[in-house]
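Hi,

Here is the structure you were waiting for. Please look it over before reading on.

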Amino acid sequence: MVWLLRKCEKCKMYTLDQEKCPYCGGEVRIPHPAKFSPEDKYANYRRAMKMADYR
Ligand SMILES: [Zn+2]
């Protein structure tokens, strides 16, 4: 599924407009996807530590 939702940097409104905010004309960004959660960061860190152990 393609994530179409954008979030305005200025007024924090969600929009489907890909280029600019239809409310204030501000810049829109892709909201943080759930996969970049702190839990995943720790999982990657643990994996890296495990790799180091095998050296
Ligand atoms: Zn806006």
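The model is predicted: local features need pLDDT of at least 70, side-chain atom pairs count only at pLDDT 80 or more, and totals for chains, interfaces and linings use all residues. Numbering starts from 1 along each chain as its sequence is written.

Fold. The protein has 1 helix and 3 strands. Both are DSSP runs, numbered from the N terminus: helices are H or I with at least four residues, strands are E with at least two. Along the sequence the pattern is β-β-β-α. Of the 55 residues, 7% are buried (20 or more other C-beta atoms within 10 Å of the residue's own; exposed is 12 or fewer, partly exposed is in between; C-beta atoms are placed from the backbone). Take contacts between residues at least 6 apart in sequence: 12% join residues at least 24 apart. A contact here means C-beta atoms, placed from the backbone, within 7 Å.

The 3 strands form an open sheet in the order 2-1-3, with antiparallel pairing. Strand 2 (14–15) and strand 3 (28–29) are at the edges; each has a single partner strand, so one side of each lacks a neighbour in the sheet. Strand 1 (residues 6–8) pairs with strand 3 over 2 bridges, antiparallel. Pairing requires at least two DSSP bridges between the strands. Lys-7 has Arg-29 in strand 3 as its bridge partner.

Loop. Gly-25 sits between strand 2 and strand 3. Gly-25 counts as exposed because it has 10 C-beta neighbours inside 10 Å. Its C-alpha is 8.6 Å from that of Lys-10, 15 residues away along the chain.

Best wishes

Note on methods:
Two residues are in contact if their C-beta atoms, placed from the backbone, lie within 7 Å.
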